[in-house]
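Below is a short note on the structure, arranged as numbered points. Please read the points alongside the coordinates.

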Amino acid sequence: MAGLYVHVPFCAQACSYCDFHFTTRLDDRSRMVDALVSEITSSLKDWEGEVFKTLYFGGGTPSILGPQAIGRIARAAFDHAEWALEEWTVEANPEDLTLEVLGQLQGLGVDRLSVGVQSFDPVVLKWMRRIHSAETAETAVRDAAEVGFKHISLDLMYGLPVGGDGRWQDDLGRALALPADHLSCYILTAEPRTRYGHQLEKGELSAPPDDSVVSEYNALCAAAAQQGYEHYEVSNFARKGGRSRHNSAYWEGTPYLGIGPGAHSFRGGARWWNVRSNAAYLKAAGTMDFSNQQTHEVLDNTNRYNESLITGLRRLEGVCPEKLLETTGQRLEAHPALPGLLDRGDCEWADGRLRIPEPRWPMGDAITLELIL
Ligand code: SF4
């Protein structure tokens with residue numbers, strides 16, 4: 001079983017914190033769609049015998065392509081591989097989700113929308129350089145549910161350097177009142193080469209203190225649990241049946257093929273990724289040779305062990321030591337740092353698996369660092 005990811009590298013405007021791969025020059029969109037279709041048809045030849053279960057359009061802003069182009073790319077994928085489709089997600093920004101577009105996406109067979117809401121506070125949205133208003137986001141989500149989407153995920157951000165007291169509680173209240181079944185809530189990090197990164201460097205803004213971020217995290221966990229959301233991964237919460245299948249499969253080490261500039265793929269202990277440049281990617285598409293622009297890496301047992309811990313310890317289910325031993329030859333129980341972590345309550349055993357307890361997840365990276373090789 002496998003997943004297919006399509007990266008759409010376009011956005012209407014650059015958000016102040018974002019370092020994903022995208023361009024705001026939209027004139028190459030139709031050439032890019034042709035290139036994505038070409039890469040799908042040529043790459044899927046190497047995946048014969050694999051059954052694909054999930055399709056995910058991410059970005060960038062996939063909804064900026066419109067339903068017709070999204071449908072054309074998906075058709076190429078459906079025509080050139082064997083599918084037992086369980087989930088088809090499209091990431092979308094609220095301003096693109098008119099009733100007409102929502103109806104067309106549903107008509108294609110898209111069954112899950114991941115909507116970039118980020119905040120409902122007008123001051124925050126302006127600082128983030130988001131195009132939509134809070135009301136546009138709320139209308140888009142309500143319309144999506146009205147049209148019949150059963151799976152709707154909202155992206156939100158906390159740990160922000162702007163917005164007043166109570167901003168996060170208001171955001172949570174408005175998000176949890178919407179007809180969604182999934183929340184992805186990320187702590188804002190300052191990446192170099194972003195507007196936010198520059199503002200911190202120049203001293204124009206200060207990052208919020210750790211204790212205020214932890215208190216926002218605790219407020220999030222409490223409010224989500226009260227509304228019936230399960231906290232199944234550090235940044236992800238789902239109502240019953242609402243977990244992201246595509247991302248869950250990725251965290252479990254299922255093979256996936258990534259299409260588009262900057263997209264990563266993983267299969268059989270190897271990983272490879274496309275060039276993070278639209279121009280170089282389009283050039284490769286012109287020669288129909290996508291392998292020339294890719295970087296390949298074979299993961300040894302130590303790398304695989306470390307990656308399994310990094311993704312597994314972010315999950316409610318944690319890590320299975322037997323599976324780790326079988327796939328990497330490494331014995332987690334024998335790690336010298338483990339007794340101390342267990343004593344301090346930074347890790348715990350549950351159903352034979354090792355996990356980090358939910359209250360310690362904000363410190364999860366530091367805890368995981370003690371266990372990796
Ligand atoms: S956050 Fe989303 S919409 Fe904003 S620049 Fe990044 S990818 Fe584009």
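1. The shell around the ligand consists, by class, of six nonpolar, four polar and one charged residues. The model is a predicted one. The residues that surround the ligand are Cys11, Gln13, Cys15, Tyr17, Cys18, Phe20, Phe22, Gly60, Thr61, Asn93 and Arg130.

2. Helix α1, residues 29-43, packs with helix α2, residues 67-79, at an angle of about 10 degrees, and the two axes are 9 Å apart. Angles under 35 degrees count as roughly parallel, and α1 and α2 are therefore roughly parallel to each other. The crossing in which α1 passes α2 is right-handed.

3. On the α1 side, the contact with α2 is made by Val33, Asp34, Leu36, Val37 and Ile40. The α2 side supplies Ala69, Arg72, Ile73, Ala76 and Ala77. The residues of this contact divide into eight nonpolar and two charged, with no polar ones.

4. Helix α6 (residues 167-176) and helix α8 (residues 210-226) have axes that come within 10 Å and cross at roughly 25 degrees. That angle makes α6 roughly parallel to α8. The crossing of α6 and α8 is right-handed.

5. From α6, the residues in the contact with α8 are Arg167, Trp168, Gln169, Leu172 and Leu176. From α8, they are Glu216, Ala219, Leu220, Ala223 and Ala224. Sorted by class, the residues of the α6 contact with α8 are seven nonpolar, one polar and two charged.

How values were computed: Residues numbered from 1 in each chain as written. Predicted model: local features only at pLDDT ≥ 70, side-chain atom pairs only at ≥ 80, totals over all residues. Heavy atoms only, no water. Axes fitted to C-alpha atoms, helices over the stretch in contact; angles between N-to-C directions. Helix = DSSP H or I, 4+ residues; strand = E, 2+ residues; numbered from the N terminus. Parallel < 35°, antiparallel > 145°, perpendicular 65-115°, else oblique. Left-handed = near helix turned anticlockwise from the far one by under 90°. Contact = heavy atoms within 4.5 Å. Nonpolar A, V, L, I, M, F, W, Y, C, P; charged D, E, K, R; others polar. Near = heavy atom within 4 Å.
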